[in-house]
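Here's my quick note on this one, written as numbered points. Have the 3D view open while you read.

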Amino acid sequence: MKIRKTNLEEKEIPEKWYNIIADMPNKPLPPLHPGTLEPIGPDALAPLFPEALIKQEVTTDKWVTIPDEVRNMYSIWRPTPLYRAYGLEKALDTPAKIYYKYEGVSPSGSHKPNTAIPQAYYNKQEGIKRITTETGAGQWGSALSFACQHFGIACDVYMVRLSYNDKPYRKMMMNTWGANVYPSPSDRTEAGRKILAENPDSPGSLGIAISEAVEMAATRDDTKYALGSVLNHVKLHQTIIGLEAIKQMEKAGSDLPDIVIAPFGGGSNFAGLSFPFLRLNLEEGKKIRCIASEPSSCPKLTRGIFRYDFGDTAGMTPLLPMYTLGHDFIPAPIHAGGLRYHGAGVIVSQLLKDQLIEARAHDNLEIFEAGVLFSRAEGIIPAPEANHGIATAIQEAKKCKEEGVSKTILFNLCGHGNFDMKAYDDYFAGKIRQHELSQEEIDASIAKLGTPTIPV
């Protein structure tokens, strides 16, 4: 019998997270104060984050110890399984060996609790009573709601209006765990009211929802903010995925992957799987290709510009050095709500600039074709976000067949699509159309930026 999945025991849950900044040949540029354009220090983050997370945000230590209480919570669903995709290999008639790390076994159905648990834990340690956040498709909001419920912290979630309307069961999941969920843009914040005044039918975006959540945290003494992607400490927490995967590839008797692939919105998904493998490139001279998969309707890595920009729409964050489409950019209302973000995380941006990683974009129709093929071959219905990584894996597997070579491909199946059936219903009804931004649209969005370009 073929061995399809490789598991680890709970005692094999990693004891430390990996910080890739320690190994990067070029360190990320510092965030800037939007008024003075001078680099900001950790103190500027104090109104939004607890001290422990600020320290993780700026640390250059290579390894960061995972607290015992966090590891104990991780053991509810971790280690997550590694699968050999025999069904997909057969469907593609490819000589490639395809593996996927399945993060959909978590309570909220995605990789997001990997950082939600430690973020809630550190806030609890500092006596915080309420956390506010944003969510796109609802996976991050679900994860933080679950974590806050465990630690007895109130949770307010600003959910991108498009997903709020299309994914009511994600909202109900958050409500079940005790969170308050508001469609964004909302009339609860100055940022939301301004956008609604300009466009009452705004579908929202992650940038808008971030503005609302940050505004609420910045104006309340008992409240902090939590972000599900983009920031350094979030990527740090997610590296538990790749650290487990390395152990599992060894246990399965497989060679290290030639290609590592993960979807890309702000960076936590991609970082979680790829950074531990990139360590092998940087430390040991391995040649593992790491590919970030993004939507062609929100292509910051493949078609954006590398410069300083705000992390949110209203301009409440520091200026961050990243690939961006412009913080005013409103992505098309695609079903992959978790990837509808205008910018890329600072670390991933620097790695791409240094050509240490690759990026690939897929259109809205292509990713559903990939997801349906995968579900029929492997049995799991993926989230629309996850379909982007699958689409890239399929491309690479087909390339192996064309070239007559066998390569080992690993991708992150970051979450299931059990709450995304409206998206699949639209696909089967022929309502999903291929969508790609014109260069004129991208140029017009970037032209609005008044922030400084990155010094070369």
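1. Start with the biggest opening: the largest pocket has a volume of about 790 Å³. A pocket here is an open set of points on a 1 Å grid over the protein atoms alone, with protein on both sides within 12 Å along at least five of seven lines, and lining residues have an atom within 4 Å of a point. Grid points are joined across faces, edges and corners, and the volume is the space filled by probe spheres set on the points.

2. Before you go on, keep in mind that this is a predicted model: local features need pLDDT of at least 70, side-chain atom pairs count only at pLDDT 80 or more, and totals for chains, interfaces and linings use all residues. Residues are numbered from 1 along each chain as its sequence is written, and side-chain values use heavy atoms, with hydrogens and water left out.

3. Who lines the largest pocket? There are 37 lining residues, and P31, I40, L45, E57 and L320 lie nearest the centre. By class, the lining has 28 nonpolar, 7 polar and 2 charged residues. (Ala, Val, Leu, Ile, Met, Phe, Trp, Tyr, Cys and Pro count as nonpolar, Asp, Glu, Lys and Arg as charged, and the others, Gly among them, as polar.) Helix 9 gives the most to this lining, with 3 residues. Helices (H or I, at least four residues) and strands (E, at least two) are DSSP runs, numbered from the N terminus.

4. Now the second largest pocket, with a volume of about 360 Å³. Of its 14 lining residues, A191, K194, I195, E198 and T313 lie nearest the centre. Two elements give two or more residues to this lining: helix 8 (190–198) and helix 9. Helix 8 gives the most, with 5 residues. The classes here are 6 nonpolar, 3 polar and 5 charged.

5. Look at K112 next. An unreviewed UniProt entry annotates K112 as "modified residue: N6-(pyridoxal phosphate)lysine"; such annotations may be inferred rather than shown by experiment. K112 is in the loop between strand 5 (97–102) and helix 4 (113–125). Is K112 buried or exposed? K112 counts as buried because its relative accessibility is 12%. (Buried means under 20% relative accessible area, exposed over 50%, partly exposed in between, with a 1.4 Å probe and protein chains only.) Leaving out residues up to four places away in sequence, K112 touches Q139, W140, A143, G228, S229, Q238 and S268, where contact means heavy atoms within 4.5 Å.

6. Last, helix 16 (residues 384–403): 14 of its 20 residues are buried. After helix 16 comes G404, with a positive phi near 70 degrees.

Notes. On a 1 Å grid over the protein atoms alone, a cavity is a set of points where a 1.4 Å probe fits but cannot get out, and a pocket is an open set with protein on both sides within 12 Å along at least five of seven lines; lining residues have an atom within 4 Å of a point.
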